[in-house]
Each structure stands twice: as C-alpha cells, then as structure tokens.
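Please read it alongside the coordinates.

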Amino acid sequence: MAMTNSEEQISENTYHIILNDLTVGYDGVPLIRDMQIGIRKGEIVSLIGPNGSGKSTVLKSLVRQLPPVAGTICLSGKDLIKMPEAALAKHMAVVLTDRVRAELMTCYDIVATGRYPYTGRFGKLTPEDEEKVEEAIRLVHAEEIGKRNFNAISDGQKQRVLLARAIAQEPEILILDEPTSYLDMRYKLELLTILKRLSRERSMTVIMSLHEIDLAQRISDKILCIREEHTFAYGTPDEIFRGDILRELYGLDSAFIDPCFRDYLPAGPGSG
Amino acid sequence: MAGSSAETERKQTGFHQENVRRRARYVLVFLILIAALAAITVLNITIGNVSISGKDILRILFLRSGDQTEVNIIWLIRLPRVTMAFLLGGALALAGFLLQTFFENPIAGPFVLGISSGAKMVVAVVMILMLDHMQTVSSWTLVAAAFAGALLITAFILMISRRVHHMASLLVSGIMVGYICSAVSEFVITFAEDSDIVNLHGWSQGSFSGMSWANVGTAAVIVLAATAAAFCLSKPISAFQMGEKYAQSMGVNIRTFRIALILLSSVLAAAVTAFAGPISFVGIAVPILIKKALGTARPLVVIPGTFLGGAVFCMACDLIARTAFAPTELNISTVTAVFGAPVVILTMISRQKSFRD
C-alpha cells in the first residue's frame, strides 16, 4: 500500500512538516521507502509497528541523527537537513531512549539544559529562563523530585524529567522515542494528557513512537504504521483501526484477536 | 495576574533559593582554593635547602637586594619553579577533566590513557636527535613534539574506543599503550649520549626542577590560552555531559566540538609533558575532588575550579617532593601517586554501579 495523505496535494502552506519521498535506513541501505506525508501544526502523530520495524529509524532521521537515504524533510518550507544546528534546536526538542549519564546533576539541572538554545555565550540562566524551567517542571508534576539527583530517581520519573527538559526547550516540534516505556499505566495516561495539552494549547506538533496501539488510537490525530520495506499506512485512527491494516501490520493470524482490540478489529474469521 | 501567581509558586518550589544556596557553595569552595593557593605559594618560596629568613625573603622579593646567592635562589630557582607547578598543575587537571568529558569516563586522564607517555616518547626522540646536531632545543620545539605525541596517542585511543565500549577496557588499553611508549622512551634514552642522560633522566621521571623564566613564559602562553579556550567551551561541554545525541539536539555541532576538545586536552597534556615530564594521577584525581567539593559537574565552575585545584595540588606535591627527604628530591609522580591513586580507587568503589554497564 502506498502511503500518502488522504489529501491529493501536499503543499508547504498547509503542513508544518513534510516528508517528501523520504527513504530512511542505515549506511545508505534503505529500510523504509518513499514516505510521502504531511503533518499539520499541532498534530499528534504516533508511529506504531512491530519491534525492529524501523520506528526509531524514522525518528532518528527526523532528528538528524541519521541522514536520509533519499528524499527530503521540510520544516515550515525549509530543508531540515540544511538548517544550522542552533536554529533547529529552537524548533525541535527530543526525548530519547538513550541512557542519560548525568553526573552530579539534579533534575532541575537536567530540565535547565533545555534552555540551551536560548542562553548566552556561557549558558547562564536569566530569571525568565528559570521561570520557564520551573513552569516545565510543574507541567510534568515533577516539583517534588526537582532537587534530587537525576541518577537517584526511578526510570518513570526520569522520563518525566526528560519530557520537562524538552518542554523547556520551547519547541514547535516534540519528538519522543518510546516515551511510555518505563511508565506504569497511570503515568502513561498522565504523559499522554500532557502531550495532548501541549498540542492543543501550544500548537506543538508531537511525533512519537508508541508500543501500545490502544493508547496510540486514543491520543493520535494521525497514525503511521511502519513495517519493513513497503508495508505501511498513514491515516487517522479511525482509518487505521478499520479493516485489516493492524492485523497485517503485526502479522496477526485472523483467528487471534486480542481482547483489548475487540472493539476495533472485525471479530471472527472471514469477516475482513 | 498570572505573573504573581507564578511568583508565589516559584517561592513554594524553592528552586530559586536552591540555586542561590548552590552559588554560595561555589563561592566558598573558590575562596578556600584561593586561600590554599596563597598559603602553598608562601610555603614554596620560604621552605628550601637553604634557609632564608622571612625578612630577607620580603626584601629580596620587593627590593631585589641582599645576598646575591639568596637573591638567585629565590628569583631563579624557587619562583620559576612554583610558577611552573601552578601552570602545569592546572593544565594537567584541566586536561583530565576534558578527557573525562570526552570519553564519558570518570577516571580517564592524560596519564592513564597513555597520552603523557606518548608525548614523552616523541619528546625524548626529538631531544636526542636534535641534541646530536645542535647545542640546545627550544622550548617551543619540545612542546610541538609533545603535542604531536599526544595527538598520536589520542588518535590511537579513539580508534580503540570505537571498538571497546567498556569503560575499564578502554583504560586498560590506555595503560598498555602508555607502557609501550615508556619502553620506547627508555630504549632511546639508554642509547643516548652520556651528557644528555643526566638531563633526560630527571625529566623523563617527572620533575619541576630546573625551570627557567623562558620556559615559564612559553608554558604560560600555551596553558593560559588553552585554559581560556576551554572555559569558552563551558556551554557545549555542559550539553555534551548529557550525552552526544542530546547535545546535538540542543544545537551543538558535535564534530567541531569533539575536535576542539581533543586539541585542547592534547595541548594541555603536551605542555605539561614537554616541561615537567609525565606526571601521574593529577588529571584524574583533581577533577573528581573538585566536582565533589562543588557538588556539581557544571563546566562553568568546574573548569576554573579544576585549574586552581590542580595548581594547588601540584604545588603542594612539589613542596613535599623537594623537602620530605631533602637534599634528595623525589619524583613528582611519586608524591602525586600517593595522594592521587587512593582517590581513584575510592571513586571506582563508589561508582561500582555505573562501572558495571
């Protein structure tokens, strides 16, 4: 299935981010080919797909850790690959899965690094910067752990602090790689609520990979299904959860229906 | 008003007060370092094989008058020596901090990674080759040779670090490289002319003795320029401490930054080796102690703190080296190892957890 927006034409004015025939992969070897996608400002886009399907590869290309194999990524009409680092940092913030080696840093310090693109030569925080940092900490409800050493808190708490760090960077685009990984159910929902708020109140465009397809359905404006090579789909949750797309994506036997998705997948054999 | 409610919330969370408290701690640590620096400088000038009274020293320092031998001891021996210990001690500790940042390894340093030994090897070869043809070798030539040696070994260690991801393995590789370089140096020195050996032997073991003002001048230019440059990199270093990928996402050009870090740490380690030979453990121990004292790894305070700390540490060790068994002088590394190595061992024990991964 070719992956395109439902709209016929992808124009620079309507979309915040455009993936133009984007092919991504490692060392010039294509993994996912010819993505043609437009993402509107303030949209929440979730990447779903089996483990190892290439969700992270797509995200890495978006944050410029991997050069695209072919095609371009346009950000507000500009070529993302050609943007200077410092300029891009004001547009885009990330929450990565990499372990953060934060030596002698409090959670506050970690969040404060989000102000990096805005501070002066020596990175000194102005009172406004301090206010932005504290606002981000409050937004993720991390006030209590703010003064604690980052290495002394739980993985779930770290995830929230890293989200606060990204928020303090005041980006237009937030990119998150498996942000729900270490969280229990309550914090997963809390995290998604925060992301929804950012998208609605600050028109932040959110692009993330998610393991939980039920959560993806609940929060996303658009879902990007990724499977190696050509098998993928892009559309609203309704479009994606209708028909056989999910079953095909995860290679599920039609007889196997997870109770979780009873409502969304056509039940019983032969009904698709 | 949203502003005033934000203001009250700020007071409640107390992050601002916390920042003020931390700044007070930085000031306190720096005051202690400066006081220690002053004290150790005075001790270094007043204590020595020839005892000179305090009154005479003051007269010699400020009026340059008095017994000519005593004037020479103060002005041509003790003062250049203490100045050199200040400059090179600071340089060595700072090189350690930069390497620890670069390799994301808390116990990296120019000595354990073999960089000092590499610099020493090239210096020894250049010295012997040039002394055969000319009477003297300029200090700039020695620094350039040391820099080439430092870069050579750093490049080699970098190559290894691509393949070896375990912290401890990297250090073991560095120590082995250091042994190879030392072996080559010893080999070259063994076959050098007799007159050179006297000179080379003291230097190759590490020592601050016999410093001329010309050497001090050269070292000052190199070390102070590199230190200022490192200080100007405080901001990207702080981003890099979060990890390379986060640093990139914050707008750091990683390639340029890495090259700058390598060049600066090599220049600093090279300057030390060219003038004083290889000195162990200052590069590892001082940054660890300073970070502990400051309670932060923020480069903006850690860089000047590390420089001052390294200076004080080396000046104190040099004082012990030349006075403990006077008139016999100890190698500076003998003393720095006694105080520095335990710090490294304690760090390894306390970091056991992070060391495992």
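**Surroundings of Leu22(A)**

Beyond its neighbours within four places in sequence, Leu22(A) contacts Met35(A), Pro68(A), Gly71(A), Thr72(A) and Ile73(A). The model is predicted.

- Leu22(A) lies in strand E1 of chain A, which spans residues 17-26.
- Because 22 other C-beta atoms lie within 10 Å of its own, Leu22(A) is buried; the cut-off for that class is 20 or more.
- Leu22(A) and Thr72(A) are 50 residues apart along the chain, yet their C-alpha atoms are separated by 5.7 Å.

**Packing of H2(B) and H14(B)**

- Helix H2 (residues 15-46) and helix H14 (residues 299-323) of chain B have axes 10 Å apart and pack at an angle of about 25 degrees.
- Angles under 35 degrees count as roughly parallel, and H2(B) and H14(B) are therefore roughly parallel to each other.
- The crossing of H2(B) and H14(B) is left-handed.
- Residues of H2(B) including Phe30(B), Leu33(B), Leu37(B) and Ile40(B) meet residues of H14(B), among them Val301(B), Leu308(B), Val312(B) and Met315(B).
- The contact of H2(B) with H14(B) comprises 15 nonpolar, four polar and no charged residues.

**Contact between chains A and B**

- Chain A contributes 30 residues to the contact, and chain B contributes 28 residues.
- On the side of chain A that touches chain B, at least two residues each come from helix H2 (85-91), strand E6 (92-95) and helix H4 (127-139) of chain A.
- That side of chain A has 15 nonpolar, eleven charged and four polar residues.

Terms used:
Residues are numbered from 1 along each chain as its sequence is written. Chains are lettered from A and ligands numbered from 1 in the order in which they are written. This is a predicted model: local features need pLDDT of at least 70, side-chain atom pairs count only at pLDDT 80 or more; totals for chains, interfaces and linings use all residues. Two residues are in contact if their C-beta atoms, placed from the backbone, lie within 7 Å. Helices (H or I, at least four residues) and strands (E, at least two) are DSSP runs, numbered from the N terminus. Ala, Val, Leu, Ile, Met, Phe, Trp, Tyr, Cys and Pro count as nonpolar, Asp, Glu, Lys and Arg as charged, and the others, Gly among them, as polar. A residue is buried if 20 or more other C-beta atoms lie within 10 Å of its own, exposed if 12 or fewer, and partly exposed in between; C-beta atoms are placed from the backbone. Axes are lines fitted to C-alpha atoms, for helices over the stretch in contact, and angles run from 0 to 180 degrees between N-to-C directions. Angles under 35 degrees count as roughly parallel, over 145 as roughly antiparallel, 65 to 115 as roughly perpendicular and the rest as oblique. A crossing is left-handed if the near helix is turned anticlockwise from the far one by less than a right angle, and right-handed if clockwise.
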